[in-house]
Amino acid sequence: MRFAIVLTAGLLPVSTSAVAAEVQVAVAANFTAPLQAIAKQFEQDTGHKVRASFGATGQFYSQIKNGAPFEMFLAADDDRPARLESEGDTVQGSRFTYAVGTLALWSAQPGYVDDQGNVLKKNGFRHLAIANPKAAPYGLAAMQVMQKLGLAETLKPKIVEGQSIGQAQQFVGSGNAELGFVALSQIYKDGKLSSGSAWIVPGDLHDTIKQDAVVLAKGKDNPVAAEFAAYLKGPKAAEIIKSYGYQLGGQ
């Protein structure tokens with residue numbers, strides 16, 4: 001009997017580790033909070049972990065091309081995943097749109113940004129934060145908005161660039177910039193702003209921010225990568241994604 005108990009105890013860790021596994025995911029900074037919530041739910045439902053790194057889409061593309069060990073890529077655009085697909089760096093047929101993003105002009109100060117964005121035209125601020133438009137699609141969208149409004153040259157001296165949309169939000173949140181263009185998902189939850197004041201930018205002022213996910217070649221033999229991709233398309237993930245102000249890919 002003693003032998004049987006020792007044997008069972010010895011087998012338990014092996015069995016658990018065989019069932020639980022993980023996937024390494026590169027995630028666009030705008031999707032930080034939703035991904036963390038989805039990953040928590042995914043772990044509760046499956047026992048598998050999502051090991052996520054957050055940053056700028058353009059930087060992740062370069063890292064993936066240079067051999068970074070990511071198995072999935074959740075980008076802030078549809079261009080880089082499509083490029084990786086055409087270059088043979090993905091599991092063919094795995095690319096899909098997981099969210100459509102919304103741009104917002106935000107200040108940490110209540111009442112600072114009006115709901116029409118006229119604060120930009122008044123030009124009474126010292127610094128305007130945006131993400132690097134070459135690396136971050138939300139930064140590119142911000143530049144498109146200013147160009148469409150005829151304010152690009154006027155506001156150029158006041159722009160401070162973050163490496164990612166996450167850093168742009170930090171500039172505003174810390175007060176180093178009075179306002180900045182961020183992803184709505186960073187400042188919004190369940191139908192309301194979490195802090196400050198904001199203008200939700202109309203979609204016709206910039207290109208659609210279509211965010212694609214793809215299973216990378218390094219995740220080809222990891223079943224958790226395919227399982228997490230399927231989970232992102234499911235109802236539990238959809239509910240979380242919409243709660244942060246995104247539209248779903250099929251909408």
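**A loop residue, then the fold**

Guide: Let us begin with Asn-123, which counts as partly exposed because its relative accessibility is 23%. Please bear in mind that this is a predicted model.

Visitor: Where is the place of Asn-123?

Guide: Asn-123 sits in the loop between α5 (118-122) and β6. Its phi is near 60°, a positive value in a residue other than glycine.

Visitor: Which other residue has a positive phi although it is not a glycine?

Guide: Asp-190 does, with a phi of about 55°. Asp-190 belongs to the loop between β9 (188-189) and β10 (192-193). Asp-190 counts as exposed, because its relative accessibility is 54% and the cut-off for exposed is over 50%.

Visitor: Let us move to the strands. What is the order of strands in the open sheet of five?

Guide: The order is β2-β1-β3-β12-β4, and the pairing is mixed. At the edges are β2 (49-55) and β4 (96-101), each of which pairs on one side only. From one strand to the next, the twist averages 20°.

Visitor: In what sense do β3 and β12 pair?

Guide: β3 (residues 72-74) and β12 (residues 209-215) are antiparallel and pair over three bridges. Leu-74 has Ala-213 in β12 as its bridge partner.

Visitor: And which helix lies across β1, β2, β3, β4 and β12?

Guide: That is helix α9 (residues 223-232), which runs at about 25° to β3.

Visitor: You mentioned β6. Which strands does it pair with?

Guide: β6 pairs in the parallel sense with β7 (residues 159-162), over four bridges. It also pairs in the parallel sense with β8 (residues 179-183), over two bridges. Ala-129 is opposite Val-160 in β7, and Leu-128 is opposite Leu-179 in β8.

Visitor: Which way do the residues of β6 point?

Guide: Leu-128 and Ile-130 point one way, Ala-129 and Ala-131 the other way, and all are buried. In a regular strand the side chains alternate between the two faces of the sheet.

Visitor: Now helices. Which residues of α3 are buried?

Guide: In α3 (residues 57-65) the buried residues are Thr-57, Gly-58, Phe-60, Tyr-61 and Ile-64. They lie on the same side of α3, because they cover an arc of only 160° around the axis. An α-helix has 3.6 residues a turn, so residues three or four places apart point the same way.

Visitor: What covers the buried residues of α3?

Guide: The cover includes β1, β2, β3, α4 and α6 (137-148). After α3 comes Gly-67, whose phi is positive, near 95°.

Visitor: How about Val-201, buried or exposed?

Guide: Val-201 counts as buried, because its relative accessibility is 4%. The residue is in the loop between β11 (197-200) and β12.

Visitor: What does Val-201 touch?

Guide: Not counting residues up to four places away in sequence, Val-201 touches Leu-103, Ala-104, Leu-105, Val-145, Phe-181 and His-206. The C-alpha atoms of Val-201 and Thr-102 are separated by 7.3 Å, although these residues are 99 residues apart along the chain.

How values were computed. Residues numbered from 1 in each chain as written. Predicted model: local features only at pLDDT ≥ 70, side-chain atom pairs only at ≥ 80, totals over all residues. Heavy atoms only, no water. Pairing = 2+ DSSP bridges. Axes fitted to C-alpha atoms, helices over the stretch in contact; angles between N-to-C directions. Contact = heavy atoms within 4.5 Å. Buried < 20%, exposed > 50% of the residue type's maximum accessible area, 1.4 Å probe, protein only. Arc of directions from axis to C-beta.
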